[in-house]
Amino acid sequence: MHIVICIKQVPDSAQIRVHPVTNTIMRQGVPTIINPYDLFALEEALRLRDAYGGEVTVLTMGPPMAEAALRKALGYGADRAVLLTDRYFAGSDTLATSFALSQAIAKVGETFGTPDIVFTGKQTIDGDTAQVGPGIAKRLDLLQLTYVAKIASVDLDAREIKVERRSEGGTQMLKSRLPCLITMLEGTNEIRRGSLKDALCAARTRVLKWSAADAGIEDLTKCGLRGSPTVVKRVFAPTARAEKAVQIDTAEKTLRDIADALIAAIFTRQPALEHELAFNGGA
């Protein structure tokens, strides 16, 4: 089994800064980490590799410093790492990112064998869109299983996979053909501690660095800012409300008294709501 896992090196969310002119994230001087959601996908990929055999290829797109994230992934036990890095990718939105990554995944398939499963995290903590995974699936014509909480089983002979997927209505059990793309939810597993052997291998393993040309990307108009129709008009921190919260005194009061006081406070602030409930027979 060949599994490709897409990860992203992201700024530590506690120290993110935004450029005042371009409205893009400023990465210089900001500590970076592997996107936390991607770690759950990485662990699931490694578990499947351990159970069924095969290889795990880790792929990321970013500046040269993103090699550090790939080294860490190798330290967890991944077999191979590819860094897609080129000036043409700068400023990519989710559309341009999914295009470049899909092209790189296709090149990985040509070089190391067609992937049976492509993993991504549910979303990233910097963009927070959850669009790149489905975008890759669409471009590669892969069946996609999003918001997956558990891999129930894999049948390589029948080329089928069963997963548990969380939805607003509960949990769905889905069966899909391989190959497919899976986006993993958070909290689905716990990332392993890499062994000493993995750490030594990570230090010795050469991270493959691919430019746009190396990845077989011919249409550069679909990359970077030129291929990104998304325009951020303004980035700002929400202003604090001038109105303060009202605290209801609950000392020596029954639950009914507290409920009555809460309802009275709500109706005082929103008199139209009381009228609407009374009109509809709800009061």
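This is a predicted model: local features need pLDDT of at least 70, side-chain atom pairs count only at pLDDT 80 or more; totals for chains, interfaces and linings use all residues.
With strand E12 (residues 180-184), strand E9 (residues 143-155) pairs in the parallel sense over four bridges, and here Gln 144 stands opposite Leu 181 in E12. With strand E10 (residues 160-167), strand E9 runs antiparallel, and six bridges join the two. One example is Ile 151, whose bridge partner in E10 is Val 163. The hairpin of E9 and E10 has four residues between the strands, and in this hairpin Arg 159 takes a positive phi near 60°.

Strand E11 (residues 170-177) contains Gln 172. Is this residue buried, partly exposed or exposed? Gln 172 counts as partly exposed because its relative accessibility is 31%, which falls between the limits of 20% and 50%. Leaving aside neighbours within four places in sequence, Gln 172 is in contact with Val 163, Glu 164, Arg 165 and Ser 167. Between Gln 172 and Val 148 there is a separation of 24 residues in sequence and of 9.3 Å in space, C-alpha to C-alpha.

Attention can now turn to the nonpolar side chains. In soluble globular proteins, such side chains tend to be buried together. The largest nonpolar core in the model has 36 residues, and those with the most contacts inside it are Val 58, Phe 119, Ile 151, Ile 161 and Ile 182. Helix H1 (residues 36-52) gives the most to this core, contributing six residues. A second, separate core has 24 residues, including Leu 84, Phe 89, Ile 136 and Trp 210. What does Ile 182 touch, not counting residues up to four places away in sequence? The residues touched by Ile 182 are Ile 117, Val 118, Phe 119, Thr 120, Leu 145, Val 148, Ile 151, Ile 161 and Val 163.

The cysteines complete this part of the picture. How many disulfides does the structure hold? The structure holds zero disulfides. For Cys 180, the closest cysteine sulfur is in Cys 6, and a bond is ruled out because the two sulfurs are 13 Å apart, too far for one. Cys 180 counts as buried because its relative accessibility is 1%, whereas Cys 201, at 29% relative accessibility, counts as partly exposed.

Finally, on the scale of the whole protein, the chain is divided into domain 1 (2-227) and domain 2 (240-283). The centres of domain 1 and domain 2, taken over C-alpha atoms, are separated by 48 Å.

Technical notes. Residues are numbered from 1 along each chain as its sequence is written. Side-chain values use heavy atoms; hydrogens and water are left out. A disulfide is a pair of cysteine sulfur atoms within 2.5 Å. Buried means under 20% relative accessible area, exposed over 50%, partly exposed in between (1.4 Å probe, protein chains only). A nonpolar core is a set of buried Ala, Val, Leu, Ile, Met, Phe, Trp, Tyr and Cys residues joined through side-chain atoms within 4.5 Å. Contact means heavy atoms within 4.5 Å. Two strands pair if DSSP finds at least two bridges between them. Domain bounds come from an automatic or database domain assignment.
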